[in-house]
Amino acid sequence: MHCAQYTAGRCRSCQWLEKPYSQQLADKQHHLDSLLSGHAVAQWLEPVFGRESAFRNKAKMVVSGSVERPLLGMLHRDGSAVDLCDCPLYPASFAPVFTVLKTFIARAGLTPYNVARKRGELKFLLLTESTYSGELMLRFVLRSETKLAQLRAALPWLQQQLPQLAVISANIQPVHMAILEGEQEIALTEQQALPELFNQVPLFIRPQSFFQTNPQMAASLYATARQWVRELNIESMWDLFCGVGGFGLHCADATTRLTGIEISAEAIACAQQSANHLGLKNVNFAALDSTRFATSEAQVPQLVLVNPPRRGIGTELCCYLSQMAPKFILYSSCNAQTMVKDIGQLTDYRIERVQLFDMFPHTSHYEVLTLLAFRP
């Protein structure tokens, strides 16, 4: 993949870009092999990979420059800005949208936030595209509500220019820190969920819900999880850290008793919407802390699926899973190091299958799916 910004030394986010892609995959697999070298693995499956460019469905753009000439991209630590509208990780459909948004910022008088001076209003633009419908979700991250009336007044022009904009909102982030978004979300369109479709499973993205940024690989990951779980003839399962329900909804069928737990109420609303579309009756989603939920439940499901953040599931949940002893644990991880640490605490489980998914080309990061089985 060629990137002009990388070649010029202005952006090094893709730190492995100069490494041949086949070598990237080999190095990631070697890293995973070495992490699990102290554990017996019954079956290693070949790494799954997809496109090397244009694979992201989401852009997180720092807004800098001036209101008349805004820049969309990133800031270096010294405060210098890099415009990333031509980033090859984004689909071709994003570039013309960024061009319109720059004009809109000027028309609406949305002053870019100046980090050094702590002045200005517009901090970030967050753009997400549905690979299913082609619709877009756009979030304006503002320092305050000061420019909200101006933003609302200018929106009809933006919607006329970009009719694919289905979901628009303003997020208020008043803290002078490198925090992407705040708690307050203000809907600017009636529609507030972007539809997706992975493997014939409808999923929905709301403004504050987490969703994988590589849809092609996410679909492969969910399909693989479904295949593994279906082979186990599971009747009951928990989906902890479930997000918008992608794993659980793929793995459950009409008779499976599924409980999905996620701390984000926005994500749970998406998951429940998907379950309703699928007509699943034995499904329950709740906005709770996954560890607190698990440690307070008396009933033990046959399978517990976990998809935690980078920190892993942690000692408390590992200990409780060891005590409750479900027959299977399906662990999806974006940080193999914390996953292996967790597996080390699940001493009554053997590793049945492991497979690497290259969700993040040109970086050292990857996703890994691991099936654990209880050994009495």
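User: How many salt bridges does the structure hold?

Analyst: Here's the general idea: side chains of opposite charge can pair when their charged atoms come close. This is a predicted model, and the structure holds nine salt bridges.

User: Which side chain meets Arg139 in a salt bridge, and what parts does the pair tie together?

Analyst: That would be Glu181, at 3.2 Å from N to O. Arg139 sits in strand S6 and Glu181 in the loop between strands S7 and S8, so the pair ties together parts that are 42 residues apart in sequence. Glu185 comes in too: salt bridges that share partners join Arg139, Glu181 and Glu185 into one network.

User: Is Arg139 buried or exposed?

Analyst: Under 20% relative accessible area counts as buried. Arg139 has 2%, so it is buried, while Glu181 is partly exposed at 27%.

User: Which residue forms a salt bridge with Arg353?

Analyst: Glu231 does, with the closest N and O atoms 2.8 Å apart. Glu231 lies in the loop between H5 and strand S11, and Arg353 in strand S16, so this pair ties together parts 122 residues apart in sequence. Arg353 counts as buried at 16% relative accessibility, and Glu231 as partly exposed at 43%.

User: On to strands. In what order do the eight strands of the open sheet come?

Analyst: General idea before the case: in a regular strand the side chains alternate between the two faces of the sheet. Here the order is S1-S16-S17-S15-S14-S11-S12-S13, with mixed pairing. The edge strands are S1 (41-44) and S13 (283-287), each pairing on one side only. Neighbouring strands of this sheet are turned by 15° against each other on average, direction ignored.

User: How many bridges join S12 to S13?

Analyst: Five, and the two strands run parallel. To find the spot, look at Leu258, whose bridge partner in S13 is Val283.

User: And in what sense do S9 and S10 pair?

Analyst: Antiparallel, over five bridges. They form a hairpin with two residues between them, and Asn199 in the turn has a positive phi of about 55°. Phe198 has Val201 as its bridge partner in S10. Four of the five residues of S9 (194-198) are buried, so S9 is largely enclosed by the rest of the structure.

User: Last one: what radius of gyration does the protein chain have?

Analyst: The chain has 22 Å; a compact globule of 376 residues would have a value near 21 Å, so the two agree. Buried residues make up 55% of the 376 residues.

Methods. Residues numbered from 1 in each chain as written. Predicted model: local features only at pLDDT ≥ 70, side-chain atom pairs only at ≥ 80, totals over all residues. Heavy atoms only, no water. Buried < 20%, exposed > 50% of the residue type's maximum accessible area, 1.4 Å probe, protein only. Pairing = 2+ DSSP bridges. Axes fitted to C-alpha atoms, helices over the stretch in contact; angles between N-to-C directions. Rg over C-alpha atoms; globule rule 2.2 N^0.38 Å. Salt bridge = Lys/Arg side-chain N within 4 Å of Asp/Glu carboxyl O.
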